Amino acid sequence: MNSSLNSDESVSSASKSDSFSGAGLGLPDQGSGSLAPIPLRFLSTCVDWAAAAAVSAAVFHYDPLATLLLFLAQIILMQTLFGASIGQFVTSLRVLPVSGRSPMIARAVVRSAVMLSIISAFVMNDNRQTLHDLVAGVVVVRA
């Protein structure tokens, strides 16, 4: 399920005249495989946090550390196995490697660790890759 974007294909398939976000990565402008809209990315994170909070409330009396660890564990496990967290499944988003062959578990761990800085969500390039996406070498797309 986790496919990688081939950098050679991205360059050849994206013409110089394409000006939409994601064109440089060889992604389509709209539909499946296009860049994920920011509101859906935010919503998926809220769903992930709500899921972690629900389990934390039921099992750990909503302990803040337990909630955070459940949030991170769920994201790392789900993105490694399926290429999407629970929230990303609900919002029809997927996380794909941009290039290279690094194992998805390494990308998910790095992405989650950098995501903890919170500010990383507000640092974004033209391809709508946040800082934690850039550091992990991934892109979030529509399923």
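Me: What makes up the figure given for the space in the largest pocket, and how much space is it?

Reply: In this predicted model, about 660 Å³ of space lies in the largest pocket, and the volume is that filled by probe spheres set on the grid points. Rolling a probe the size of a water molecule over the atoms shows where empty space is left.

Me: How do you know which residues belong to the lining of the largest pocket, and which of them lie nearest its centre?

Reply: A lining residue must have an atom within 4 Å of a point, and 25 residues line the largest pocket, with F42, T45, M115, A121 and H132 lying nearest its centre. At least two lining residues come from each of α2 (38-60), α3 (64-82) and α5, and α2 gives the largest share, with eight residues.

Me: What kinds of residue make up the lining of the largest pocket, and how many are there of each?

Reply: The lining divides into 14 nonpolar, eight polar and three charged residues. Ala, Met and Phe are among the types that count as nonpolar, and A121, M115 and F42 are therefore nonpolar members of the lining.

Me: In which order do the elements of the protein run, and how many helices and strands are there?

Reply: There are six helices and two strands, and from the N terminus on they run α-α-α-α-β-α-α-β. Of the 143 residues in the protein, 39% are buried.

Me: Why is the contact between R41 and D133 called a salt bridge?

Reply: The side chains of R41 and D133 meet at 2.6 Å, N to O, whereas the definition asks for a side-chain nitrogen of Lys or Arg within 4 Å of a carboxyl oxygen of Asp or Glu, so the pair qualifies. This pair links distant parts of the chain, with R41 in helix α2 and D133 in helix α6, 92 residues apart. Side chains of opposite charge can pair when their charged atoms come close.

Me: What makes R41 and D133 count as buried or exposed?

Reply: Buried means under 20% relative accessible area; R41 has 11% and D133 has 0%, and both are therefore buried.

Me: How many salt bridges does the structure hold, and what makes R111 part of one?

Reply: The structure holds two salt bridges, and in one of them the side chains of R111 and D133 meet at 2.7 Å, N to O. R111 lies in helix α5 and D133 in helix α6, so this pair ties together parts that are 22 residues apart in sequence. Both R111 and D133 are buried, and salt bridges that share partners join R41, R111 and D133 into one network.

Me: Why is I118 called exposed, and where is it found?

Reply: Exposed means over 50% relative accessible area, and I118, at 57%, is therefore exposed. I118 is found in the loop between α5 (104-115) and α6 (131-136). This residue has a positive phi of about 60 degrees although it is not a glycine. A nonpolar surface patch of about 650 Å² is made by I118 together with V110, I119, F122, V123, L131 and V135.

How values were computed:
Residues are numbered from 1 along each chain as its sequence is written. This is a predicted model: local features need pLDDT of at least 70, side-chain atom pairs count only at pLDDT 80 or more; totals for chains, interfaces and linings use all residues. Side-chain values use heavy atoms; hydrogens and water are left out. Patches are made of residues with over 30% relative accessible area and no salt bridge: like charges are joined within 9 Å, nonpolar side chains (Val, Leu, Ile, Met, Phe, Trp, Tyr) within 5 Å. Accessible areas come from the Shrake-Rupley method with a 1.4 Å probe; for residues, only the protein chains shown count as cover. Helices (H or I, at least four residues) and strands (E, at least two) are DSSP runs, numbered from the N terminus. Buried means under 20% relative accessible area, exposed over 50%, partly exposed in between (1.4 Å probe, protein chains only). On a 1 Å grid over the protein atoms alone, a cavity is a set of points where a 1.4 Å probe fits but cannot get out, and a pocket is an open set with protein on both sides within 12 Å along at least five of seven lines; lining residues have an atom within 4 Å of a point.
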